[in-house]
Amino acid sequence: MHLRDNTPRALAKVPALTFGFWVIKVLATTLGETGGDTVSMSLGLGYAVGTVIFMAVFLLAVAAQIRTSRFRPALYWLTVIASTTVGTTLADFADRSLGIGYTGGSTLLLGLLLATLFTWHRTLGSIDIGTVASPRAEGFYWLTIMCSQTLGTALGDWTADSAGMGYLGAAAVFGGVLLLVAAAWHWSPISRGTLFWTAFVLTRPLGAVVGDFLDKPLDHGGLAVSRYGASVVLLVAIGVCVAVFPQRAAARPH
């Protein structure tokens, strides 16, 4: 005879992986591109100043995220948005202001991301999002996210510009690879942690090239949409999606 287990499952402080999660993530990464470019380019503050501003917002949001005792959707997505904007300006600063180029920037940032994931796994034994419930795990989680967002920006720029695919071509490439990752999630034995972080990284360049397609000039292959207008529309869309899609915390593994 089996007794029913009525013990509540312990929850992480990050969201469960649902369809809504990925929709909001792509919108947030697109907003990161238009929002970051608004501050650094449209307002003329430059990449360095933009990075300082967004890094301060990101660190404050992470501190609030760590201090809270449970998953709070609005705070979580605010922190993600902050990470995407700082990722945009930081990658542009490294690629353009430091002169290392898209290839050099992407290579450097990939190394930092892999080093962060390796250190996280060696230190805590797992990179499963269900384990993100302690300050140490949250620290690694948000550091990994910032590295992935920055890498994604550089990778998107490299694919669209250096590889000559253009914004729509790059979007098709990243969208296609994401479909392959989704298929691997359902029908392959590949580690769920590996697939999650692969998808998380790839949604950033997808959002980056879509954001560039929206706000870049017509003669550069874009639609020349106002960065201010695009950012506001994306922010409203994120708010609607957070309200409409169910928001629940990821369950911690037993």
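**Helix packing, a surface patch and salt bridges**

In this predicted model, L45 is located in the loop between α1 (19–42) and α2. The residue is partly exposed, its relative accessible area being 39%. Together with L43, V49, I53, V57 and Y228, L45 forms a nonpolar patch on the surface, and the accessible area of these residues together is about 500 Å². Helix α2 (residues 46–67) supplies the largest share of this patch, namely three residues.

Helix α2 comprises 22 residues and spans 32 Å from its first C-alpha to its last, close to the 32 Å expected at 1.5 Å a residue. The buried residues in α2 are Y47, G50, T51, F54, F58, A61, V62 and Q65. Because they cover an arc of only 105° around the axis, these residues lie on the same side of α2. This arrangement may be read against the geometry of helices in general: an α-helix has 3.6 residues a turn, so residues three or four places apart point the same way. The cover over the buried residues of α2 includes β1 (11–15), α1, α3 (73–97) and α5. On the face of α2 turned away from the buried side are the exposed residues V52, L60 and R67.

Of the 24 residues of α1, 18 are buried, so the helix is largely enclosed by the rest of the structure. G44 follows α1 and has a positive phi, near 70°. A positive phi, of about 60°, is also found at A224, although this residue is not a glycine. A224 belongs to the loop between α7 (192–215) and α8 (227–244), and with a relative accessible area of 45% it is partly exposed.

Helix α5 (residues 135–162) includes T153. With a relative accessibility of 0%, T153 counts as buried. Leaving aside residues up to four places away in sequence, T153 touches E33, G87, T88, A91, D92, R204 and A208.

Six salt bridges are found in a search of the whole structure. In one of them, the side chains of E138 and K13 meet with an N to O distance of 2.8 Å. Since E138 lies in helix α5 and K13 in strand β1, the pair ties together parts that are 125 residues apart in sequence. Both partners, E138 and K13, are buried.

A further salt bridge joins K216 to D37, with the closest N and O atoms 3.5 Å apart. This pair links distant parts of the chain, as K216 is in the loop between α7 and α8 and D37 is in helix α1, 179 residues apart. K216 is buried, with a relative accessible area of 13%, and D37 also counts as buried, at 1% relative accessibility. K216 forms a salt bridge with D215 as well, and here the closest N and O atoms are 3.6 Å apart. D215, like K216, is buried. The residues D37, D215 and K216 are members of a network of salt bridges that also includes D212 and R227.

Note on methods:
Residues numbered from 1 in each chain as written. Predicted model: local features only at pLDDT ≥ 70, side-chain atom pairs only at ≥ 80, totals over all residues. Heavy atoms only, no water. Patch = residues over 30% accessible without salt bridge, like charges linked within 9 Å, V, L, I, M, F, W, Y side chains within 5 Å. Areas by Shrake-Rupley, 256 points an atom, 1.4 Å probe, with all protein chains shown as cover. Salt bridge = Lys/Arg side-chain N within 4 Å of Asp/Glu carboxyl O. Helix = DSSP H or I, 4+ residues; strand = E, 2+ residues; numbered from the N terminus. Buried < 20%, exposed > 50% of the residue type's maximum accessible area, 1.4 Å probe, protein only. Contact = heavy atoms within 4.5 Å. Expected span 1.5 Å × (residues − 1). Arc of directions from axis to C-beta.
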